[in-house]
Amino acid sequence: TWMEWPIEARVTLLGDVYPFSEDEQEWAHKQYIAKHPHGLSEQWGNFHYFRMQNISDIYFIGGFGTVAWVDVKEYEALQPDKIAIDGGEHNLKELNAIFSKPLRELLASESEVDDAALISIDSKGIDVRVRQGVVWFLFFDFLAKVL
């Protein structure tokens, strides 16, 4: 099944936040730069890194009236999605190289499409971004969980 609406799901984590020790600041900065090579931290002289410990509450906002408190113990017991962890970004690049053009052509058979790209993949499905003047998102759920 698929739904076609833009969605900006997000989560608010509430808990105790502490600054990294001076020894950990350099390590945290290297992690940040590896993930965000064009980040703005270099421009700020007093940039410091913090760690959240003891999560007390989790609030999920899924868009279009979908909001819920998430059970913290249930959240902490979850395991990362195997597909997303094991090279999700690399898999997306390869899949887009193969399927972006055919996907755009398939969607264009119904109406004009400027661009189509896979933007997320995990064991539950694939998210596709479609540009048609404005941006639309399509969500394709797998019929059964993969892996």
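Is Tyr75 buried, partly exposed or exposed? In this predicted model, Tyr75 has a relative accessible area of 37%, so Tyr75 counts as partly exposed. Tyr75 sits in helix H2, residues 72–77.

Tyr75 also belongs to a nonpolar patch on the surface, together with Val11, Leu13, Val17, Phe50, Met52, Val70 and Leu78. The accessible area of the patch is about 690 Å² in total. Two or more patch residues come from each of strand E1 (10–19) and strand E2 (50–63), and E1 is the top contributor with three.

The largest nonpolar core has 11 residues, among them Ile83, Leu92, Leu103, Ala116 and Val130. Helix H4 (88–108), strand E4 (115–122) and strand E5 (125–132) supply at least two core residues each. Beyond its neighbours within four places in sequence, Ala116 touches Ser100, Leu103, Arg104, Leu107, Arg129 and Val130.

Charged pairs complete the tour: the whole structure holds three salt bridges.

| Salt bridge | N to O distance |
|---|---|
| Glu24 – Arg51 | 3.6 Å |
| Glu26 – Lys30 | 3.4 Å |
| Arg129 – Asp115 | 3.8 Å |

Glu24 is in helix H1 (residues 22–35) and Arg51 in strand E2, so their bridge ties together parts 27 residues apart in sequence. Glu26 and Lys30 are about one helical turn from each other, because they lie four residues apart in helix H1. Glu26 is exposed at 52% relative accessible area, and Lys30 is exposed at 52% too. For the bridge between Arg129 and Asp115, the partners are in strands E5 and E4, 14 residues apart. Arg129 is partly exposed at 22%, as is Asp115 at 22%.

Terms used:
Residues are numbered from 1 along each chain as its sequence is written. This is a predicted model: local features need pLDDT of at least 70, side-chain atom pairs count only at pLDDT 80 or more; totals for chains, interfaces and linings use all residues. Side-chain values use heavy atoms; hydrogens and water are left out. A nonpolar core is a set of buried Ala, Val, Leu, Ile, Met, Phe, Trp, Tyr and Cys residues joined through side-chain atoms within 4.5 Å. Buried means under 20% relative accessible area, exposed over 50%, partly exposed in between (1.4 Å probe, protein chains only). Contact means heavy atoms within 4.5 Å. Patches are made of residues with over 30% relative accessible area and no salt bridge: like charges are joined within 9 Å, nonpolar side chains (Val, Leu, Ile, Met, Phe, Trp, Tyr) within 5 Å. Accessible areas come from the Shrake-Rupley method with a 1.4 Å probe; for residues, only the protein chains shown count as cover. A salt bridge is a side-chain nitrogen of Lys or Arg within 4 Å of a carboxyl oxygen of Asp or Glu.
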